[in-house]
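Here's a quick walk through one model, element by element. Have a look at the sequence and the fold before reading on.

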Amino acid sequence: MEQKKHTINKNYPKRKKTKTHQNTKDINLMPQEMRCICGGGQSCIIDRRWIGDWVHEDVIFKSKGIELRTSCCDLYTTRQKEALNENLTRN
Ligand SMILES: [Zn+2]
């Protein structure tokens, strides 16, 4: 007598749909404490960092080893201003 082996699989839990690796995150999933004091928005650096969007000033600051702003209401430090001005005049 031949036993059907595929019945074994019945006890295995159904696999959850594996999410395809996404580059973008849902902005609504950002924890409240991480949200920017500006309230967020398309031009908000915190929002943009979260969803993996390109943040121009971050690129400039990182390339120069300057600390990034922690919210878009932060005032630029002297070094940050200089870096941005330098970048603007170069282009
Ligand atoms: Zn903001």
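This is a predicted model: local features need pLDDT of at least 70, side-chain atom pairs count only at pLDDT 80 or more; totals for chains, interfaces and linings use all residues.

Residues are numbered from 1 along each chain as its sequence is written.

**Overall make-up**

The protein chain has three helices and zero strands, in the order α-α-α from the N terminus. Both kinds of element are DSSP runs numbered from the N terminus: helices are H or I with at least four residues, strands are E with at least two. Of the 91 residues in the protein chain, 10% count as buried. Here, buried means 20 or more other C-beta atoms within 10 Å of a residue's own, exposed means 12 or fewer, and partly exposed is in between, with C-beta atoms placed from the backbone.

As for contacts (C-beta atoms, placed from the backbone, within 7 Å), take those in the protein chain with a separation of 6 or more: 43% of them join residues 24 or more positions apart.

**The core**

The largest nonpolar core is made of six residues: Cys36, Cys44, Ile45, Ile46, Trp50 and Val55. Such a core is a set of buried Ala, Val, Leu, Ile, Met, Phe, Trp, Tyr and Cys residues joined through C-beta atoms within 7 Å. Leaving out residues up to four places away in sequence, Trp50 touches Lys25, Ile27 and Met30.

**H2 against H3**

Two packed helices are described by the angle between their axes and the distance between the axes. The axes of H2 and H3 come within 10 Å and cross at roughly 110 degrees; these axes are lines fitted to C-alpha atoms over the stretch in contact, with angles from 0 to 180 degrees between N-to-C directions. H2 and H3 are therefore roughly perpendicular, a label for 65 to 115 degrees (under 35 is roughly parallel, over 145 roughly antiparallel, and the rest oblique).

On the H2 side, Glu57, Ile60, Phe61 and Lys64 meet Gln80, Ala83, Leu84 and Asn87 of H3. The residues of this contact divide into four nonpolar, two polar and two charged. Nonpolar covers Ala, Val, Leu, Ile, Met, Phe, Trp, Tyr, Cys and Pro, charged covers Asp, Glu, Lys and Arg, and polar takes the others, Gly among them.

How many of the 13 residues of H3 are buried? The number is zero, so H3 lies largely in the open.

Glu57, in H2, is partly exposed because it has 17 C-beta neighbours inside 10 Å.

**The loop between H2 and H3**

Glu67, Leu68 and Thr70 are found in this loop. Glu67 counts as exposed, with 10 C-beta neighbours inside 10 Å, and so does Thr70, with 11. Leu68 has 14 and is partly exposed; beyond its neighbours within four places, Leu68 is in contact with Asp58 and Phe61.

Some C-alpha to C-alpha distances:

| Pair | Sequence separation | C-alpha distance |
|---|---|---|
| Thr70 and Ile46 | 24 residues | 7.5 Å |
| Leu68 and Glu57 | eleven residues | 8.0 Å |
| Glu67 and Thr77 | ten residues | 9.3 Å |
| Glu57 and Lys81 | 24 residues | 10.0 Å |

Note on methods
Two residues are in contact if their C-beta atoms, placed from the backbone, lie within 7 Å.
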